[in-house]
Amino acid sequence: MKNILATLLLFFTITSSAFAATIEQGAKVAVMDFGTHPYAVTIDINILNAGKAAHEYILQRLFESHKMDIMDRTMFEAQLAAENLNTTGLIYHDTAQKIGKILGVDYIIYGNVNDVTLSEIGTQIGIGGVTVCTVKSHIIARVMNVESGEIISAAKGEGKSKSSFVKVNGGEVLTVEVGNTKVTQDSVHNAIQQAAFQTVDVLIGRLYGNAK
């Protein structure tokens, strides 16, 4: 009986610690520029400016969480540019340490837009040529302790958004191209926003409890 109780106590201790906060609430954090995955369709991603959009949506969600002391990008852009430090996409430990010292932050959040793709394409309908498709986006983010270089948490978010537009008298509504297919800009940004929000929600859950 004692052995059973001891085993149960150990189980609950491990389980509880697995959901404990990994970083302190109010920790100083800087969000780096989000780049694009090396194997993403670069020309499409650049046209969509997905990295910048992802960065802004991730900042918005982090501010809304009220969990961290987020440093405003405008406060450190010039400082890091003067040091010629890479702040986009993959960031190595030595660079992270320099960023930490310059900005006085404990952690950085960085990552990539993994892709912006079409998951399905609908059939053109009617004389006007209505086209319906679904845009899908994935974002990956990591949280690094700048002192130790340890990746303390990571998350991947997914966003989907349906898009439709109508050709009228040879013209179209404002669109962008993903591969060889045109979709509305709103649809692309909606998918990126959903992916960014989900990414932050998972990170916050893992760092402060209610891990997913």
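**Exercise 1. Is His-55 buried, exposed or partly exposed, and what relative accessibility does the class rest on?**

Solution. This is a predicted model, in which local features need pLDDT of at least 70, side-chain atom pairs count only at pLDDT 80 or more, and totals for chains, interfaces and linings use all residues. Residues are numbered from 1 along each chain as its sequence is written, and side-chain values use heavy atoms, with hydrogens and water left out.

Step 1. Take the classes: buried means under 20% relative accessible area, exposed over 50%, and partly exposed in between, with a 1.4 Å probe and protein chains only.

Step 2. His-55 has 1% relative accessibility, so this residue counts as buried.

Step 3. Locate the residue: His-55 belongs to helix α3. Helices (H or I, at least four residues) and strands (E, at least two) are DSSP runs, numbered from the N terminus.

Step 4. List the partners, where contact means heavy atoms within 4.5 Å. Beyond its neighbours within four places in sequence, His-55 touches Val-31, Met-32, Asp-33, Phe-34 and Arg-73. A polar atom of the His-55 side chain lies 3.0 Å from the backbone oxygen of Met-32.

**Exercise 2. Find where the confidence of the model is lowest and where it is highest.**

Solution. Step 1. The score is pLDDT, the predictor's confidence in each residue, from 0 to 100. Its mean over the protein is 78, and 72% of the residues reach 70 or more.

Step 1. Go by element: helix α1 (residues 2-18) is lowest, at a mean of 41, and strand β1 (residues 28-31) is highest, at 94.

Step 2. Where pLDDT is low, the predicted coordinates should not be read in detail.

**Exercise 3. Describe the order of the elements and the contacts along the chain.**

Solution. Step 1. Count the elements: there are 6 helices and 8 strands.

Step 1. Read them from the N terminus: α-β-β-α-α-β-α-α-β-β-β-β-β-α.

Step 2. Turn to the contacts between residues at least 6 apart in sequence: 70% of them join residues at least 24 apart.

Step 3. Take an example from strand β1, which contains Val-29. The C-alpha atoms of Val-29 and Val-105 are 5.5 Å apart in space, while the two residues are 76 apart in sequence. Apart from neighbours within four places in sequence, the contacts of Val-29 include Met-68, Ile-70, Val-105 and Ile-109. Val-29 counts as buried, because its relative accessibility is 1%.

**Exercise 4. Which residues touch the most other members of the largest nonpolar core?**

Solution. Step 1. A nonpolar core is a set of buried Ala, Val, Leu, Ile, Met, Phe, Trp, Tyr and Cys residues joined through side-chain atoms within 4.5 Å.

Step 1. The largest core has 40 residues, and Leu-62, Met-68, Ile-109, Ile-139 and Ile-192 touch the most other members.

Step 2. Two or more residues come from each of β1, α3, β4 (107-121), β5 (130-145), β6 (151-166), β7 (175-178) and α6. Helix α6 gives the most, with 12 residues.

Step 3. A second, separate core holds 15 residues, among them Ala-30, Ile-91, Tyr-110 and Met-144.

**Exercise 5. Classify the aromatic pair formed by Tyr-57 and Phe-197.**

Solution. Step 1. Rings of Phe, Tyr and Trp (its six-membered ring) pair if their centres lie within 6.5 Å; planes under 30 degrees apart count as stacked, over 60 as edge-to-face and the rest as tilted.

Step 1. The rule gives 1 aromatic pair. Tyr-57 and Phe-197 are 6.3 Å apart centre to centre, with 90 degrees between the planes, and the pair is edge-to-face.

Step 2. Tyr-57 sits in helix α3 (residues 50-65) and Phe-197 in helix α6 (residues 185-208), 140 residues apart.

Step 3. Both are buried: Tyr-57 has a relative accessible area of 19%, and Phe-197 has 14%.

**Exercise 6. Where does His-66 lie, and where is the place of Asn-84?**

Solution. Step 1. His-66 lies in the loop between α3 and β3 (69-71). Asn-84 is in the loop between α4 (73-82) and α5 (93-103).

Step 1. Read phi, which is positive in a residue other than glycine in each case: near 60 degrees for His-66 and near 55 degrees for Asn-84.

Step 2. His-66 is exposed at 65% relative accessibility, and Asn-84 is exposed at 70%.

How values were computed: Polar contact = N/O pair within 3.5 Å; in protein donor to acceptor, adjacent residues only side chain to side chain.
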